[in-house]
Structures are given as structure tokens and as C-alpha cells.
Amino acid sequence: MKYDRSNTRLVRTASLRLRALLAGSFALFFAGLATAIRTPAVAYELSIYGATPVLFWAATGAAFLLGVAVALSASTDVWARRGAYLQLYLCALAVATIPLLRDYYFIGLGDPLSHLGWIRELGSGALDPVELRYPGGHTMAVLLHDVGGFPYRLAEQLIAAVFVATYLLAFPLLVVAVAGDRDTNEGFVFLVGLLTALLWLPINGISVHKAFHPFSMGVLFLPFVLYLLLSYVSAPWEGSSHTLVPTKVGALLAFASVAMTLIHPQAALVVVMILGTVSVVQFVVRRTRWRHRIADHRSVHGLTAFAGGVLLLWLTQFTVASRIFWSTVDRLMIGGAPGAEATQRGSSLQQVGGSIPELFAKLFLPSALFAVLVAAFLFSRWFLNADAAAERVRGFVDYMAVALASLGALFVVAFVANVTTQHFRYHGAAMLLVALIGAVALASFVPGRVERSSRSPHAVAVILLLVVLVPVSGMVLYSSPYIYQPSSHITEAQVDGYDTMLEHRDEGVAVTGVRQKYVRYIDSIRGRETTRRAEYEAPAGVPETVFNSNISTYYEDPRYLPVTQLDYEREVVLYEGFRYSAEGFRSLDTTPGINRVQSNGGFQQYHLPGDDEAA
């Protein structure tokens, strides 16, 4: 009895220490958070990492490490462990929403600006939701504007943050649902899933982003859909005639497939491919009488037909969908040079001091490691019959492995057809499945149910590996000079400058630009549909050789040339004048005939003379 009391006292003391440590980690986190909030961006920032206060990074990093330590140690204190999970979740969410914390006016140089234009048009009634191929996120932003009074630009960023928050919560829950029986209290498996989510493997920064980008938001929504799928197929049922019998989870899954279609049809295609793969696997297993747990799963044939039918019905009203399809077919028949763009970019990268292998390591090292891990795990499961995992994960890993091959086929088709960077979209979706299977594999690395304490050496090794990889992935979550890209920070001065230019532009005078990035700004201000009908767009940006020599005598007709602080920082500071030199920027203010029309500190507008004016 005396021994029991002493042991109880030790447990209570350890629990108090863990909770005190957790309280300290929360205090550190909120101190760093307050520092970031009190340091708003006042001008364009080339690197969000360098411009965000060091105290934020130090406090968030320390809170993250303390949260991991508590989660590992709190094998018996459920509340301390849950508090640690919350700490890790908040740290991840804070890093993923730094632009909101630091009051960025907007973030997203490309598609997000155009999507802002669509949101404005939907809000004003100039565009009907059914006229947009992917109105899901846009209508949510309009609703947030109408109900909460948020500006459209802020509503768009908040909706993107909602999808990020959903991903960070749904992914670890999915991992627990697949492999949760590997731990009696589910603590270790959830921690593995959460840390794997923080690797952001689906976000490749090429065609899948963290900003408001409909396909990317669909990928971030995918773990929730897969969670519903797992719940549906693993639910108990009797007989073989229940395929079309409705269930609550089945109804939710059907609704999620409709939602995914509205978020982005291409993301819905990924869902249909996964459902179709599951359906085919179920058919094959049952037809061959293979002794596998899959034979006991609820069939998804009806849900597959429903999701595919909804997607097809939605796409039939858009002619662009058929154009994209037949264009892809034509490119496959004709053939292309899918590596040409990569070769060109590799040459440019070498000119600014980088290399393709270096950039690949920065962008894809965690992804490559997980790909190797998944390959080894599946080989051991299928060919070595290791760990009897088919029973423990209820066949869901097998579904996802075959679905991974299906998405790989889509990747190959898009790559061979050389349809811009569409293949990297399927890469992002496939990496979500790789992350899921990889997390299950890491949970499987901890041997023996009796020894599956979160303090075991194997568990510590797994968590340390993930902790080391988290900052590697975090460094490429935003575009920055680290990966030879400028920040996609949009300042109010830039938007105001373009707005003023459009308001007072002389009719018939076209607008050119440095790398011709200005059209996206006009999309956001005038609306995407309005911009397409505009007559002020120049056919191309200013050639670098002209910009660096004598731009005043190049054009036959007058041109407007907008120049932002982003343009200067990108070309002169980041790329060191590789294409557009500092002398070229200075010549805009010193060359006779070139007139500066407006300037607000972050935006300058110049009037370039035509032949007649120059003469």
C-alpha cells in the first residue's frame, strides 16, 4: 500500500511539472504572437522570414519544442497531452497565417489577385456564381464580407486560412483513424500525424499553394473527405445488397464530393479517381475471393457514380472544360518537350547563383524521404507480409497505395502533354497520400503493443526525425530569396497606384510592365471578366535589353509603365540585375522624354513617349 501511495505521488508530481512546462510554452507562444501582431508590415517585404521579428520565430520555435516534449512525456496525463497538441496546432497555425498576424494588405502575386477580382464581381452581382467554374471559395468570401463586414481582400485571406486550419486538424485525425489501434491511448499516433501535417508535403509552391488558390484549397480539404471515406467503408454492414442503402456518413461523403466540385473541379477529379480506385479494388477482391479485410468493407460503387456524375454535370456547362480536355489529347498525340521549361529555368537559376539540385533539395527533401519510406513500407507489407498490417489498418492503406498509382498516371499524362505546370497539381494531391501512408509507416516503426509507450526509444527516434524536418519544410512555406523567389506580399501602395493609373489613364494608351505582372493587379481592381475585355493591355512586358539601354525610343506609340517596389527589390536586390539592372530603373527618372506621372512611395507610374513624342 505504501508503494502505491508513493507511486501515485510521483505520478502527480510529474504531471504538475509537465503542466507547468506546458504553461511556460503557452506563455512563450503568446509573447511571440504579440510581437508579430505589434510589428505590422509598413512597406513591401522581400522575405517574410527576414522581416518577421526574430522574437516571434524564437518564441514559436521554443514553444513548439516544449509542446513536443510534453506530448512525448505525458503518456498518462491526458489533459497535458491534449494541451501539448493544442500548443503544436497553434504554433503551426500562427506560422501559416503570418501575413494576417502582421497585417499584410494582401498576399499572392498571381492567381490570388485574379480570384479577388472574381470575388468582387460576385459580390457586386456582375458575375453569377454558376458562371464560375469553381465558385465555392469565392462565395464563402462574399458571405464573409456580407455577414462580417470584412473587406474582400481580407475575406479572401481568411477563407484560405480556414482551409489551412481544416487540413491541420483533419490530417492527424485521419492518421489516427487509419492506424490508431497501434497505441492504446492514441497519443503517439496523433502526434506523428500532426507533425507529418506540419511538413506540408502537398504544398509544392509550384502548382499547390497555401494562399487562396481553389485547387490547393481542394487538396487541403481532401483529408476530411478521406476521413469520411474511411468511416464509410469500415462501418459494419450485412449482406451484399446494401450498396445504395443511405447512411449518415455516406450522405456527408456525397455532400463533400459536391462541395469539392464547387471548390475546384480538378480537385473533384482527384476525389473521383480515389473513389473509383477504391471501387475497383473492392470489385477485384470480392470477385477473386481473396481473403482480405477489404471484402468486408461497404461498397462505394454508388458514391463513385454519384461523385463522377456531379462532376460531369457541372463541367458540361463550361466550354473551357472540353477545350482543356481536347487540348490535352492533342498535345499527347503531337508530343512536346516537357523538359524545355525546366531547362530554361535551370539556366536562369545558375545565373543568379543557384542550381536545380540545390533547389530540389530545399523544396522536395522531406517529400523524397517520405516517398522512399512509403515504398519500403508497402514492399514490406505486400511482399514480406510484415506486421500483419492488413488487419490493423483495415485495408485503407492498400486503397490509398493503389490510388497513388492512379494519381501518378494523371501526373504522367499532364507532364507528357506539357500543359503548363498542371502535373504539379497532381503531384501535390499524390503527396497528400504519400504523407498519409508515410505517417502510418512511422507509427508502424514502433514495435510491440506492450512497448508502445510514447517514451520508447523507437518513438523518440520517429518524433525527432519529424521535428528535424519541420523547419526544413517551413522554410519553403512562403516564397522568399531562400528559394530564389520574391515574397508575394502586396502592399496598399501598390494597389492604390494601379487603381489611380486605371482611373486617370488616357484612352488608347496601353500599359506595359516589368515582366508584365501588372495584369493581375488590374484583375483584382476591375474584375477578372472586365479585364479580359480591356483594351489597355500591351502584348508583352518591356524587353530587358531595352529596359537597360534606351527605353524612350523603343515604342512607336506611347506606353504607361508601372514600377513597384516589388519590381525593384526582385530585380535589383534578389536577382542582382540579372535581367533588369539598377541603372535601368534609375534611367526612368533621368532620361529626357520619360515622365513620372505619379508616385506614392511604393508605386511609380511613367509615361513612355512614342516615336512622334520622342522626336
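## Basis of the description

Residues are numbered from 1 along each chain as its sequence is written, and side-chain values use heavy atoms, with hydrogens and water left out. The model is predicted, and local features need pLDDT of at least 70, side-chain atom pairs count only at pLDDT 80 or more, and totals for chains, interfaces and linings use all residues.

Helices are DSSP runs (H or I, at least four residues) numbered from the N terminus. Two packed helices are described by the angle between their axes and the distance between the axes. Axes here are lines fitted to C-alpha atoms over the stretch in contact, and angles run from 0 to 180 degrees between N-to-C directions.

## Helix 20 and its two partners

Helix 3 (residues 54–73) and helix 20 (residues 457–474) have axes that come within 12 Å and cross at roughly 165 degrees. That makes the two helices roughly antiparallel (angles under 35 degrees count as roughly parallel, over 145 as roughly antiparallel, 65 to 115 as roughly perpendicular and the rest as oblique). Helix 3 brings Phe64, Leu65, Val68 and Leu72 to the contact (heavy atoms within 4.5 Å), where they meet Ile463, Val467 and Val470 of helix 20. The residues of this contact are seven nonpolar, no polar and no charged (Ala, Val, Leu, Ile, Met, Phe, Trp, Tyr, Cys and Pro count as nonpolar, Asp, Glu, Lys and Arg as charged, and the others, Gly among them, as polar).

Helix 9 (residues 187–197) also packs on helix 20, with axes that come within 9 Å and cross at roughly 20 degrees. Helix 9 and helix 20 are therefore roughly parallel, and their crossing is left-handed. Phe188, Leu191, Val192, Leu195 and Thr196 of helix 9 touch Ala459, Val462, Ile463, Leu466, Val467 and Val470 of helix 20. By class, the contact has 10 nonpolar, one polar and no charged residues.

## Helix 6 and helix 7

The axes of helix 6 (residues 111–124) and helix 7 (residues 136–148) come within 9 Å and cross at roughly 60 degrees. The two helices are therefore oblique to each other, and the crossing is right-handed. On helix 6 the contact uses His115, Trp118, Ile119, Leu122 and Gly123, and on helix 7 it uses His138, Thr139, Ala141 and Val142. Five of these residues are nonpolar, four are polar and none is charged.

## The second largest pocket

Rolling a probe the size of a water molecule over the atoms shows where empty space is left. On a 1 Å grid over the protein atoms alone, a cavity is a set of points where a 1.4 Å probe fits but cannot get out, a pocket is an open set with protein on both sides within 12 Å along at least five of seven lines, and lining residues have an atom within 4 Å of a point. Grid points are joined across faces, edges and corners, and a volume is the space filled by probe spheres set on the points.

The second largest pocket has a volume of about 460 Å³. Its lining has 18 residues, and the closest to the centre are Trp57, Val95, Val470, Pro471 and Gly474. Helix 3, helix 4 (78–96) and helix 20 each give two or more residues to this lining, with the largest share, five residues, from helix 3. The lining has 15 nonpolar, three polar and no charged residues.

## Cavities

The model has six cavities of 30 Å³ or more. The largest cavity holds about 100 Å³ of space. It is lined by 14 residues, of which Leu199, Trp200, Ile203, Leu363 and Val476 are the closest to its centre. Helix 16 (356–383) and helix 20 each supply at least two lining residues, and helix 16 gives the most, with five. The lining of the largest cavity has 10 nonpolar, three polar and one charged residues.

How values were computed
A crossing is left-handed if the near helix is turned anticlockwise from the far one by less than a right angle, and right-handed if clockwise.
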